[in-house]
Amino acid sequence: MLQVWGRRSSFNVQKVMWLIGELDLAHQHIPAGGQHGIKDSTEFLSMNPHGRVPVIKDDDGTVVWESHSILRYISARHGQSDFWNDDPAQRSQADRWMDWSQTSLQPAFLNGVFWGFLNRPGFSR
């Protein structure tokens, strides 16, 4: 069964969980990071030496880290034509948007909206 390490509040984990849901894949979620810890453990670092989430381990023992690498792996392995096009030109359409969201959209959202909302006067976490 596919195992997924990460905290559900992580943007990058949410991307992976969304695709898993779209493909209706059986999986086990293992909370890691933030208040859950685990990322500094020897076992976790043996899977991802960078100590970051998400990380997946497929039922054949394949370990993948970095959210976009995970999305591409799951799409290629489990998504067939719905999520992984065999034509590289067509596949590059999804790759471009995925990478743009990581390098442009997510930083703008985090810095402009998210932290601005959390750091406003009177807001209590």
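**Testing words against definitions**

Mentor: Pro-54 is found in the loop between α2 and β3, and these names rest on DSSP runs numbered from the N terminus, with helices being H or I runs of at least four residues and strands being E runs of at least two. Please keep in mind that this is a predicted model, in which local features need pLDDT of at least 70 and side-chain atom pairs count only at pLDDT 80 or more, while totals for chains, interfaces and linings use all residues. Residues are numbered from 1 along each chain as its sequence is written, and side-chain values use heavy atoms, with hydrogens and water left out.

Trainee: How many helices and strands does the chain have, by that definition?

Mentor: There are five helices and four strands, and from the N terminus on they follow the order β-α-β-α-β-β-α-α-α.

Trainee: What makes the peptide bond between Val-53 and Pro-54 worth a remark?

Mentor: The bond joining Val-53 and Pro-54 is cis, with omega at about 5 degrees. As background, most peptide bonds are trans, and most residues other than glycine have a negative phi.

Trainee: Is Asp-24 called buried or exposed, and how do you know?

Mentor: Buried means under 20% relative accessible area, exposed means over 50%, and partly exposed is in between, with a 1.4 Å probe and protein chains only. Asp-24 has 69% relative accessibility and therefore counts as exposed, whereas Glu-66, at 43%, counts as partly exposed. Across the 125 residues of the chain, 30% count as buried.

Trainee: What makes a group of residues a nonpolar core?

Mentor: A nonpolar core is a set of buried Ala, Val, Leu, Ile, Met, Phe, Trp, Tyr and Cys residues joined through side-chain atoms within 4.5 Å. The largest one here has 23 residues, and the members that touch the most others are Leu-2, Val-4, Trp-5, Val-16, Ile-20, Ile-56 and Ile-74. At least two residues of this core come from each of β1 (2-5), α1 (11-22), α2 (42-47), β3 (55-57) and α3 (67-78), and the largest share, five residues, comes from α1.

Trainee: Which residues is Val-16 in contact with, leaving aside its neighbours within four places in sequence?

Mentor: Contact means heavy atoms within 4.5 Å, and with those neighbours left aside Val-16 is in contact with Val-4, Pro-54, Ile-56, Ser-67, Ile-70, Leu-71 and Ile-74.

Trainee: Why are Asp-60 and Arg-77 said to form a salt bridge?

Mentor: A salt bridge is a side-chain nitrogen of Lys or Arg within 4 Å of a carboxyl oxygen of Asp or Glu. The closest N and O atoms of Asp-60 and Arg-77 are 2.9 Å apart, so the pair meets that cut-off. Asp-60 lies in the loop between β3 and β4 and Arg-77 in helix α3, so the pair ties together parts that are 17 residues apart in sequence.

Trainee: What else is linked to Arg-77 in the network of salt bridges?

Mentor: The network links Asp-58, Asp-59, Asp-60 and Arg-77, and in it Asp-59 meets Arg-77 at 3.5 Å, N to O.

Trainee: How many salt bridges does the structure hold?

Mentor: The structure holds five, including one between Arg-72 and Asp-95 at 2.9 Å, N to O. Since Arg-72 lies in helix α3 and Asp-95 in helix α5, this pair ties together parts that are 23 residues apart in sequence. Arg-72 is partly exposed, at 22% relative accessibility.
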